[in-house]
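Colleague: Hi! Could you walk me through this one while I have it open?
Modeller: Happy to, go ahead and ask.

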Amino acid sequence: MKCVVCKGPAIIDIRRHNANFCTDHFLEQCRRQVAKAIDEFSMIEKDDRVLVAVSGGKDSLAVWDLLLDLGYQADGLYIGLGIGGYSDVSGTYARDFAEARGLTLLEVDLPGAFGYDIPTGARAARRAPCSACGLSKRHLFDAAALEGGYDVLVTGHNLDDEAAVLFGNTLHWHTEYLGRQLPVLPARDGFPRKVKPLVRLTEREMAAYCVVRGIDYLVEECPMAVGNRHLSYKAALNDIERSSPGAKHSFYFGFLDRAAVHFAPEAEADRTELGACRTCGAPTTAEVCAFCRLVERAGGSLPEAGTPTAVAVHLGPTRTRGTAEAETDAGDEAVVSAGSTR
Amino acid sequence: MHPGARRGLGPAIIDDVKVLLRNPRREVEVPGPITIVNLLARLDVNRESVLVIRGGELVPGDATLADDDSVEIRPVISGGA
């Protein structure tokens with residue numbers, strides 16, 4: 001197997017491009033695809049302050065690494081979700097990555113700051129664990145990004161993630177979500193700009209990127225996610241991809257090019273009906289936002305007013321963050337895509 | 001019975017390819033030499049969903065594993081929607 005660029009020994013085949021790559025040209029390919037996504041969808045400006053949501057998994061660490069490599073100023077945000085030993089280990093990977101590179105990592109400890117963990121919250125709210133997790137993370141991502149004065153929040157959603165969410169929303173015709181499943185969600189009152197620079201790269205490529213770059217990441221699956229529908233959609237799409245390379249890319253980018261616009265009016269109508277949460281002030285369609293309702297049902301509590309959502313972990317050369325008034329989001333974006341850090 | 005024994009060769013003479021699988025973590029042995037493509041087909045693993053790693057490095061699909069190789073088949077699909 002030879003590299004399509006230099007004819008040297010290849011380390012990976014990417015069948016949807018009908019191409020094999022050596023180490024150097026594979027890394028170049030990853031950087032090029034991220035740069036292309038950022039440019040094509042106007043995701044990030046060169047002088048933007050970037051906050052990357054990191055989970056300790058491959059995608060979030062890879063996107064942080066890639067953004068730094070492309071010259072962006074990017075800090076990390078890790079949320080401890082209280083999923084037993086899994087959260088303990090995932091936090092270690094995030095901190096080790098930041099410490100080794102002298103990066104700033106902000107951290108939120110959900111049980112410590114809000115008095116509940118994901119398993120407890122899911123049971124109390126009678127939500128699926130991934131739903132309670134996504135809801136909590138979206139709220140905290142937004143709050144931390146806005147308080148910290150960041151211009152943009154980056155998540156590690158990749159092509160597989162987006163294709164799987166699109167598959168699920170199409171399978172059940174959740175038209176209210178289809179208009180919002182975009183690589184960029186622009187900033188608006190109470191929401192930071194959110195972008196997904198990995199939409200042109202697959203999970204397999206991101207795992208390979210981490211192996212090649214020597215990035216240690218948490219390989220084990222979240223115990224709360226085992227057996228969920230999202231995984232079964234990914235497996236189904238990969239079965240199709242095996243016999244039809246490029247199918248996932250065509251599905252997702254075809255949707256963006258030719259279909260998403262048809263669902264935009266419905267998504268916009270949802271957004272114009274937002275008010276402020278009575279408890280925390282976050283944008284919501286209800287009197288109390290979904291996050292505050294989850295906290296209440298789980299027996300937790302909101303921190304005192306003025307308490308910063310995320311605090312910097314002292315790993316390396318950190319910078320002081322100002323803390324503005326919290327104006328946060330909660331549940332209005334449920335299911336658009338994962339609240340996942342990937 | 002050890003696969004090598006089926007071929008009239010004892011396990012002391014021929015080792016099998018040791019394969020580490022994840023989620024759940026387990027180890028299986030497969031007679032070598034065998035290509036990566038054939039290994040994944042034999043284990044009914046979709047190539048789109050995994051990487052094959054040997055000694056911390058990626059192993060390309062057309063590589064052939066020797067009898068005494070040890071590889072990891074690492075899943076790349078993660079959930080959490």
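This is a predicted model: local features need pLDDT of at least 70, side-chain atom pairs count only at pLDDT 80 or more; totals for chains, interfaces and linings use all residues.

Colleague: What does β4(B) pair with on the β7(B) side, and in which sense?
Modeller: β4(B) runs antiparallel to strand β7 (residues 70-75) of chain B, and 4 bridges join them. There, B:Leu51 is bridged to B:Arg74.

Colleague: How many bridges join β4(B) to β5(B)?
Modeller: 2 bridges, and those strands also run antiparallel, with β5 covering residues 57-58 of chain B. B:Ile53 has B:Leu58 as its bridge partner in β5(B). The two strands form a hairpin with 2 residues between them. Have a look at B:Gly55 in that turn, which has a positive phi of about 60°.

Colleague: Is β4(B) enclosed or open to solvent, and why?
Modeller: Largely enclosed by the rest of the structure, because 4 of its 5 residues (50-54) are buried.

Colleague: Zooming out, how many helices and strands are there in chain B?
Modeller: Chain B has 2 helices and 7 strands. Read from the N terminus, the elements go α-β-β-β-α-β-β-β-β. The chain has 81 residues, and 49% of them count as buried. As for contacts between residues at least 6 apart in sequence, 49% join residues at least 24 apart.

Colleague: I've landed on B:Pro60. Where is that?
Modeller: B:Pro60 is in the loop between β5 and β6 (64-65) of chain B.

Colleague: Is B:Pro60 buried or exposed?
Modeller: Buried: its relative accessible area is 15%, and the cut-off for buried is under 20%.

Colleague: What is B:Pro60 in contact with, beyond its sequence neighbours?
Modeller: Leaving out residues within four places in sequence, B:Pro60 contacts A:Met1, A:Ala10, A:Ile11 and B:Ile36. B:Thr35 is 25 residues away along the chain, and its C-alpha atom is 9.4 Å from that of B:Pro60.

Colleague: That brings us to the interface. How many residues does each chain give to the contact?
Modeller: Chain A gives 32 residues and chain B gives 24 residues. The area buried between the two chains is about 2,400 Å², with carbon and sulfur atoms giving 51% of that. On the chain A side, A:Arg204, A:Val211 and A:Val219 lose the most area to chain B, together 23% of what that side buries.

Colleague: How many salt bridges are found across it?
Modeller: The rule finds 3 salt bridges. A:Arg15 and B:Glu48 have side chains that meet in a salt bridge, at 3.1 Å from N to O. The two chains also have 13 residue pairs in polar contact.

Colleague: Which elements of chain A give two or more residues to that side?
Modeller: α2 (58-69), α9 (203-213) and α10 (229-243) of chain A. The largest share, 7 residues, comes from α10(A). By type, the chain A side divides into 13 nonpolar, 5 polar and 14 charged residues.

Colleague: Last one: where does A:His25 lie?
Modeller: A:His25 is in helix α1 (residues 23-40) of chain A. With 17% relative accessibility, A:His25 counts as buried. Not counting residues up to four places away in sequence, A:His25 touches A:Cys3, A:Val5 and A:Cys6.

Methods
Residues are numbered from 1 along each chain as its sequence is written. Chains are lettered from A and ligands numbered from 1 in the order in which they are written. Side-chain values use heavy atoms; hydrogens and water are left out. Contact means heavy atoms within 4.5 Å. Buried area is the accessible area (1.4 Å probe) that two parts lose on being put together, summed over both. A salt bridge is a side-chain nitrogen of Lys or Arg within 4 Å of a carboxyl oxygen of Asp or Glu. A polar contact is a pair of N or O atoms within 3.5 Å; within protein, one must be able to donate a hydrogen and the other to accept it, and residues adjacent in sequence count only if both atoms are side-chain atoms. Ala, Val, Leu, Ile, Met, Phe, Trp, Tyr, Cys and Pro count as nonpolar, Asp, Glu, Lys and Arg as charged, and the others, Gly among them, as polar. Buried means under 20% relative accessible area, exposed over 50%, partly exposed in between (1.4 Å probe, protein chains only). Two strands pair if DSSP finds at least two bridges between them.
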